[in-house]
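Subject: Handover of a structure

Hello,

The structure I promised is below, with its sequence. My notes on what turned up in it follow.

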Protein chains: 2
Amino acid sequence: MTTLYNDPSTFMEDQLAGFLDAYADRLRGVEGGVVSTAPQDSPEVAVVVGGGSGHYPAFSGLVGPGLAHGAVVGNIFTSPSASRACTVGRAADAGRGVIFTFGNYAGDVMNFGLATQRLAAEGIDARVVVVTDDIASADEPEKRRGIAGDFTVFKVLGAAAAEGLDIDAVEAAGQHANAMTRTLGVAFSGCTMPGSEEPLFEVPEGHLGLGLGIHGEPGIEDVPMLSADQLAELFVERVLTEAPEGAGRRVAAILNGLGTTKYEELFLVWGRVSALLRDRGYEVVQPEIGELVTSLDMGGCSLTLMWLDEDLERWWTADAYTPAFKRVASALPVGTADHTAVETTSAATEIPAAGEAGRALAGQVRAVVSDLAVLLEEKSGELGRIDAVAGDGDHGRGMLRGITAAQAAIAEVPDHAGAAAVLRAGGRAWADDAGGTSGVLWGADQEAAAGTLDDAAASYAAEDAVAAVQAFQDSMQQLGRAQVGDKTLLDSLVPFVDALSAAVAGGASLADAWSSASAEAAKAAEATQDLRPAVGRARPLAEKSLGTPDAGAVSMAMILGRIAEHLR
Amino acid sequence: MTTLYNDPSTFMEDQLAGFLDAYADRLRGVEGGVVSTAPQDSPEVAVVVGGGSGHYPAFSGLVGPGLAHGAVVGNIFTSPSASRACTVGRAADAGRGVIFTFGNYAGDVMNFGLATQRLAAEGIDARVVVVTDDIASADEPEKRRGIAGDFTVFKVLGAAAAEGLDIDAVEAAGQHANAMTRTLGVAFSGCTMPGSEEPLFEVPEGHLGLGLGIHGEPGIEDVPMLSADQLAELFVERVLTEAPEGAGRRVAAILNGLGTTKYEELFLVWGRVSALLRDRGYEVVQPEIGELVTSLDMGGCSLTLMWLDEDLERWWTADAYTPAFKRVASALPVGTADHTAVETTSAATEIPAAGEAGRALAGQVRAVVSDLAVLLEEKSGELGRIDAVAGDGDHGRGMLRGITAAQAAIAEVPDHAGAAAVLRAGGRAWADDAGGTSGVLWGADQEAAAGTLDDAAASYAAEDAVAAVQAFQDSMQQLGRAQVGDKTLLDSLVPFVDALSAAVAGGASLADAWSSASAEAAKAAEATQDLRPAVGRARPLAEKSLGTPDAGAVSMAMILGRIAEHLR
């Protein structure tokens, strides 16, 4: 929701003042909006965009060289008045006339229409270019609303004006851009006006509003939520169905986020949209993925295509430099960097053949890893639930991802390899694939344990196992810098290593020693429920996490217990 | 919440593929992340940024000339592995070494630290610059987390590398930038991981989490929600308290949004931040207001200051050109456009003196307008509640804004003016200030009514009132293009005008005719509860709006009824 405001009734004026402060080097405020102060090589037709607030960067963020010369700013979701349009139009006019351009909404059509009449009476040639890109809003093209396609039309108008064309030609360019632009949008959640408790509208949970506009205007229908791929397919299919007659195969594209549908989600959808367009023989020219026409904190996105001809492509790709949209071809050197042309990779290390004992131990390690993969798949959900109390709930998934990667990497290690080589390969893969803190710890610690084992040894004793787990623990403490009692996996690992070491020193067999030590670990893991979590854990809900054991300590004890079964 | 995904476990890979597709002209993917393909005039030290996903444009959106040479991309909120860092580092290295730079989190510190060791073993000089800008996260500067101040440090490193400095000098520049950077952030709401039903954490309703990090890490405390101005004051006070020793008065600034705290809100806060800094003698150099380090759909924002010296200012303002951050000084012509240097305003029209009757009628109009301002203030809430059913609930506020503006404008009209001049001034002001559809309609219609009145007339008859309201209605229909039965104010206006006209034609006095006609209007307004709303109204909840009268028709009838009292 919109959470930051002072007096909601002056939200528009207050935010505009802050905006102008930030861009005082290139824009100035006039009654009713903003105009660019950038000098022009020769006077240009003034392109003045506008509409209600709440859509940033539309409209004031699009003022600058190569795009709009001014923006008329209304209250939130409310058309600015004709007088405001006139003030901005007069200030933006460089003697070659003014084109007001805006989305097709009743208030905007009336107010900008009145403004052209008033300016005409003062001797300023003023026109309107109304954007009607929203294919969901009406069957008749001229009745459609303007949504994210505002941007393609504004961009073409700005570029045509920057070329020095006269007002008839700039107007024609804008009308042509609008005729070639189509958008379909969806909404996932409504937006909240400054000072309101409730959203302006709602989309039923688990659904998306197909064809919903940028203020919650009527859409086509509420449909059950789609995956990113399904949404991409819907967008492409419906927008292509509305292709202008005789249009070619080169298109400009915008995947626009409405406010709370964020960049990573948009890129995800874009990947599929792009593939689908390519499959159908389309070539996309300089796509824009991001927030160009928003709607406060509304959730949703839209796909816009503008079918290009030679003129439209030149205007679409032309340079522009505004607070929120910058395209400067010369800033991006052409060609490919020589040094990145060749992919360098670390030299693959030849794994030497191990002795018989080393190969036998390697077989045991392989068997244990396979079994642990089964164990962690079974327990992933349970570990996640424990972790969710004090952490981000991904412990089970992270461990599963790690063991799965280790298992796959071990399968690639040749049969002649010893246990150290196998452990090392598994550890490296675990760290690579699981990532994060636990991934690097588990991975590096396995590599450390591997470092204590000699693959050429004639035989192994219980003391070798003690040395390996000790190295594992030392690495864990060195890298992770946690202490026993911090509610981490060390709380079960350290008692285990202590008990194992003592039992082996006392003459117990490895199988017996490991078995009794892992029982200690399980008790210690359970006891972490009475510990406060270490400072720096993902979420500090300390009072809630009291009474819940630590997920890392639990999974460590589980794994140690399962290994004990293999030693019997 | 994060709504768009396919398989949540491959979200990172899927979104990265879409990102690379969009920027194939300047970036390429390598195992573990992305690198810039822009050729370098001479080889540069490679700056490689990185961390978990979910923070776009950090980190991949900041790769390009003048900024980062590569980005290592981890799973959502999870450090990438050391291996991934190595692949990206190798691909980005141009023979002058690699600087990994990232926020201070345990997993990142471990993985990037391991990567530098592995690259060193291969003969690549690799360093780390750890960002520790979050003043809320710890007292000891070296223990602090990295949040939006990531950006100032990355920017300085990229600019220093682009200047051709050697790795020691670039590293020193980055360390210096970090030493001079301070951030304080707040969160209003948690973020939801792809595929999760519940947010990762929550901020109690009506509160903000002071000092919360970018993944919901522990903050300082939950405090009751602040206004935009109060938040700005808190930010400035606390960040300035942490000013580096001996620092000057020139600062770079970032007001960063975390995802759902949108641009207009940020500009609002910025306006106050900027004023406070100015008051305290600070000069802000090229502030950035927007989304540079996000956290999925988290609500919140932060203020970052980097205290500048000559070097840092040069690096901060240097050109850069990446998918999400572009600064190209030459694209913004210096100087001020001549044509906007002089503010043009429409010529003020001299208002001629009216006759005695015209002045008397003007007095009645003034009295009516003052009284209507009282009426609409009383009824604003009620009209809003009616409007909220089918519209956006702002009808009462819009009408009040209009009448208030009209009253103020009329007070400026000289006493010698007639009723037409007064009505015209009031109408123009109403339209200007209320904006939107109803503002332009009420304003233009009053101007139309004024057009039927002759301020020089010796006397006025009831027929003059009929002509004025008829003109008001005609203008309304022409501009608004609605019909009776569309559930708009015409549903009460048209029956009124019909009844008034018939009664006056039948010889009734204006007072009687208006009184009976306004009773008709009230009945008709009530009856709009059985009408479906006109197509194109703000919100289509047609089934809900059945049973509720139209707010516009109700306010129209109210106003007509109050005018009747003045005619008695």
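Helices here are DSSP runs of H or I with at least four residues, and strands are runs of E with at least two. Counted over residues 7-325 of chain A, that gives 33% helix and 25% strand, with the end C-alpha atoms 30 Å apart. According to UniProt, in an unreviewed entry, this stretch carries the annotation "domain: DhaK". Please keep in mind throughout that this is a predicted model.

**How the two chains are related**

Two copies of a chain are related by a rotation about an axis and a shift along it. In this model, chain B is superposed on chain A by a rotation of 180° with 0.0 Å of shift along the axis, at an RMSD of 0.1 Å. That is the relation of a two-fold axis. The contact surface is the same in both copies, since 100% of the contact residues of chain B recur in chain A. Within chain B, the residue that comes closest to the rotation axis is Thr260(B), with its C-alpha at 2.6 Å.

**The interface**

The size of an interface is often given as the accessible area lost when the parts come together. For chain B and chain A the buried area is about 9700 Å², and 57% of it lies on carbon and sulfur atoms. On the chain B side, the residues that lose the most area to chain A are Leu4(B), Glu264(B) and Phe267(B), which together make up 8% of what that side buries. In terms of contacts, 123 residues of chain B meet 123 residues of chain A.

The polar part of the interface comes to 40 residue pairs in polar contact, both residues of each pair being at pLDDT 80 or more. Helix 7 of chain B (residues 263-279) supplies the largest share of the side that touches chain A, namely ten residues. There are eight salt bridges between chain B and chain A.

Two salt bridges between the chains can be described here. In one, the side chains of Glu13(A) and Arg401(B) meet at 3.1 Å, N to O. In the other, Glu447(A) pairs with Arg118(B), with the closest N and O atoms 3.8 Å apart. This second pair runs from helix 12 of chain A (residues 436-451), where Glu447(A) sits, to helix 3 of chain B (residues 106-121), where Arg118(B) sits. Both Glu447(A) and Arg118(B) are buried.

**Salt bridges within chain A**

Over all chains, the whole structure holds 50 salt bridges. Arg144(A) and Glu242(A) form one of them, the closest N and O atoms being 3.0 Å apart. The two residues are 98 apart in the chain and link distant parts of it: Arg144(A) is in the loop between strand 6 (126-131) and helix 4 (150-162), and Glu242(A) is in the loop between helix 6 (228-241) and strand 10 (250-257). Why is Arg144(A) classed as buried? Its relative accessibility is 4%, and the cut-off for buried is under 20%. Glu242(A), at 27%, counts as partly exposed.

Glu520(A) counts as partly exposed at 35% relative accessibility, while Lys523(A) is exposed at 55%.

There is also a network of salt bridges that links Asp125(A), Arg127(A), Asp168(A) and Glu171(A).

**Two further residues**

Gly213(A) lies in the loop between strand 8 (207-210) and strand 9 (221-224) of chain A. With a relative accessible area of 1%, Gly213(A) is buried. Setting aside residues up to four places away in sequence, Gly213(A) touches Arg145(A), Ile147(A) and Met298(A). From Gly213(A) to Met399(A) the distance is 43 Å between C-alpha atoms, and 186 residues in sequence.

In chain B, Gln446(B) belongs to helix 12 (residues 436-451). Gln446(B) is buried as well, with a relative accessible area of 10%. Beyond its neighbours within four places in sequence, Gln446(B) is in contact with Leu423(B), Gly426(B), Gly427(B), Trp430(B) and Phe472(B).

Regards

Definitions and conventions. Residues are numbered from 1 along each chain as its sequence is written. Chains are lettered from A and ligands numbered from 1 in the order in which they are written. This is a predicted model: local features need pLDDT of at least 70, side-chain atom pairs count only at pLDDT 80 or more; totals for chains, interfaces and linings use all residues. Side-chain values use heavy atoms; hydrogens and water are left out. Buried means under 20% relative accessible area, exposed over 50%, partly exposed in between (1.4 Å probe, protein chains only). Contact means heavy atoms within 4.5 Å. UniProt positions are given in the numbering used here, feature names are shortened, and annotations may be inferred rather than shown by experiment. Copies are superposed by least squares on the C-alpha atoms of residues with pLDDT of at least 70 in both. Buried area is the accessible area (1.4 Å probe) that two parts lose on being put together, summed over both. A salt bridge is a side-chain nitrogen of Lys or Arg within 4 Å of a carboxyl oxygen of Asp or Glu. A polar contact is a pair of N or O atoms within 3.5 Å; within protein, one must be able to donate a hydrogen and the other to accept it, and residues adjacent in sequence count only if both atoms are side-chain atoms.
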